[in-house]
Amino acid sequence: MTSADDLLLFIDEEDHQPEPLTDSWQVLIVDDDPDVHQATELALRGLRIEHRPLQLLHAHSGGEAAALLQQHPDIAVLLLDVVMESEDAGLQLVQRIRHELNNPLVRIILRTGQPGYAPEMNTIRDYDINDYKTKSELTRTRLFTSLTTAIRTYRQMREQAEMRRGLETVVRASTELTRLQGMQRFADGVVRQLSVLLGVSPEGLICAEDGDDSGAPARVIAAAGQFGHLVNEPLHHLPDPVHQLLSRCLQQRSSLFEQGLALYFPTDSQRGLAAYLELQRPLQETDQHLLQVFCSSMSAGFDNVMLYSRMNEQTYTDPLLHIPNMNQLLEWLRDPQQVRDGRTLAILDLDDFAAINDTLGHSFGDELLQAVYQRLQQHLADCLLARIGSDIFALLGPEEHITPEILTELFSSAFPVGQQPVRLSATSGLVQLNGRCANGSEILKDAHLVLKQTKLTQRGSANYFSPKLGQQARERMRLMTALREAFNQTQLFLMYQPKIDLRNGKTSGFEALLRWRNNEGDMIPPDRFIPLAEKSGLIIALGYFVLRQACACLFRLRQQGHNNLTMAINVSQVQLRETDFTEQLQQIVQDSQVPAEAIELEITESVAAEDFNFLVQRLNEIRALGFGIAIDDFGTGFSSLGVLRHLPATRLKIDRVFINEMHSDDSIARMVISLGHSLAMQITAEGVETAEQQQKLQQLGCDEGQGWLYAPALPEKELPDWLVTPAPAG
């Protein structure tokens, strides 16, 4: 075995103190001979390889070496003795390094004092050994040469491993960051992934966005560490040199590697982004290459986030007021933190806003909406505010701040629009969220329900939703569903109430009345289902059904010889507004083979209050075809004599209320009969129940009567017998 003195023949014996090491190559000497450790340390003193000094670590057995390798994963070279505690201890350590410690990077120079002990080629091939020397061969020059070769190989392998790890980090970061929605969250993810890539702590990290075309300054959109409190602040609020470095980076549109690191992320939107990082170690060439790859990858991510942000803004922001819209309100209502006890949702509908828009123009209307929004925001700053319709706002906030009194007071003074004050009222529906388990859509539905009810009964006020109101709404919905099913299952049918000519006691005709018997055999009153049919639009189909059935019934009666009968059929305002109603009406009587003169359409007096000019035009079209027109329930509405004079009606029907009053006061019945005759109209009295009423009507000159005195509404099969039976006489 070569002595230590053989290794020291070329070493300066002068005692040198080791210099402080800050960035060095770690070399582990593994040998059970202390003299070898001393001789090797003296031989390598002062040497620098690749401009970096060496840091020597020492182990005297295979187990001790394995422990050091676990503690120091950055060891570059292992100077390993083959024979230590056992003849192959060195070779066993090599196998443990490669397989158990999973360290493929450390370069191993195998040293032996017994030449030929281990086959050189087989050892290098089987155990991944960088070099194999006898101790006598390792002079200072040869040792330096072997170490230089090993360290260069280690550096290249290390760079390749770091590059691979860095690229994997970039790919993983790109995948993870694509899940982050919103610029601030994405930017925060970028600065944190950047710290992972460079292996530094996320201190002093910041991401800034360039200013936009509106003149807004560059601002901080994400930050960490000491800059965490500066999110959303303008860039000029940052301390120097951070402010200067980021500003130059955005202006020059390139990354800067000085006094810190400023990375530039170019985007398709031409709005650059820059990230600042306080450097904690010098950047290697590998680092800079990875950073270029990282910037390219993240630039695409920023573009995607900007696109998402624009789409998100369009989805959740009102384009006029730039405040949350209906979609955002629904998101709030899905958030348990927003929908909790002690909070209230209010829906505010601006009264007559459409008329303001039509009269003063949409620009004026937009300014008025701005004024309303500003007042709501000013007085209810702690509430969430959204615009969910053209003239509808929503408020979500503490129940003590959203009350009927507060909302009404907000509209008590005029809104300034330019130089013009505008008086405006709002009708509101409120829902208290205490104990509510319903989802957001149901809460919003309840708010709209009470709003609609308040619009009908207390316009300009605000009311709370109540369980009773909800129950009524659910009952109406259930009834509407059942009505649609009834129409499809032919549960609807017609009954016919006779009309009697008071001058001769003969049947002059019938009034067709729609009836509904449900699956349980119960009769549903018309005053319950007809209004629902009108609101839902089902009245159109029901109306044509009644017209066809009633005309078909009249045709069958005429075939039996009853040619002088008329058929009265009720039509609603909704039906009259159908563009093709007149054509459909004419087609139905043609198909039924009955003359138009035998059909009398009944409209209620209240219809005349809605768009009078249109009504007159439509009724004139109907009269021109030969149909008669009756005004039903006359006297209960608010039609004036002037209105009545312009309606092309052929009959007035006196409401049963005035018939019941005739025993004490017949003035209204007398007036209606006289008025109708003066306008060349026939008069029909409804609800005649006693012979006394009939006699009185005959004395007043009433033309026709119908009611229980004569008969209730009859099914069609009973009409032939009725027509051959004399009507009760007065």
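The model is predicted, so local features need pLDDT of at least 70 and side-chain atom pairs count only at pLDDT 80 or more, while totals for chains, interfaces and linings use all residues. Residue numbers start from 1 along each chain as its sequence is written, and side-chain values use heavy atoms, with hydrogens and water left out. Helices (H or I, at least four residues) and strands (E, at least two) are DSSP runs, numbered from the N terminus.

**The largest pocket**

- Rolling a probe the size of a water molecule over the atoms shows where empty space is left.
- The largest pocket holds about 1200 Å³ of space; a volume is the space filled by probe spheres set on grid points, which are joined across faces, edges and corners.
- On a 1 Å grid over the protein atoms alone, with a 1.4 Å probe, a pocket is an open set of points with protein on both sides within 12 Å along at least five of seven lines, and lining residues have an atom within 4 Å of a point.
- There are 39 lining residues, and L513, R515, P526, I530 and N570 are the closest to the centre of this pocket.
- At least two lining residues come from each of β19 (492-501), β20 (507-516), α16 (526-536), α17 (538-559), α18 (573-576), β22 (599-604) and β23 (628-634).
- The lining has 20 nonpolar, eight polar and eleven charged residues; Ala, Val, Leu, Ile, Met, Phe, Trp, Tyr, Cys and Pro count as nonpolar, Asp, Glu, Lys and Arg as charged, and the others, Gly among them, as polar.

**Helix pairs**

- For α17 and α19, the axes come within 9 Å and cross at roughly 30°; axes are lines fitted to C-alpha atoms, for helices over the stretch in contact, and angles run from 0 to 180 degrees between N-to-C directions.
- That angle makes α17 roughly parallel to α19, a label for angles under 35 degrees.
- The crossing of α17 and α19 is right-handed, meaning that the near helix is turned clockwise from the far one by less than a right angle.
- Y544, L547, R548, C551, A552 and F555 in α17 meet F581, Q584, L585, I588, V589 and S592 in α19, where contact means heavy atoms within 4.5 Å.
- By class, that contact of α17 with α19 has nine nonpolar, two polar and one charged residues.
- Helix α19 (residues 581-592) also pairs with helix α20 (residues 612-624), their axes coming within 10 Å and crossing at roughly 20°, which makes α19 roughly parallel to α20.
- Here F581, T582 and L585 in α19 meet R618, E621 and I622 in α20, giving three nonpolar, one polar and two charged residues.
- Helix α3 (residues 62-71) and helix α4 (residues 89-99) have axes that come within 10 Å and cross at roughly 25°, so they are roughly parallel.
- Meeting L93, R96 and I97 in α4 are G62, G63, A65, A66 and L69 in α3.

- Most residues other than glycine have a negative phi, and most peptide bonds are trans.
- H51 is not a glycine, yet its phi is positive at about 65°; H51 sits in the loop between β2 (48-49) and β3 (52-59).
- D240 and P241 are joined by a cis peptide bond with omega about 10°, and P241 lies in the loop between β8 (219-223) and α8 (242-252).

Methods:
Angles under 35 degrees count as roughly parallel, over 145 as roughly antiparallel, 65 to 115 as roughly perpendicular and the rest as oblique.
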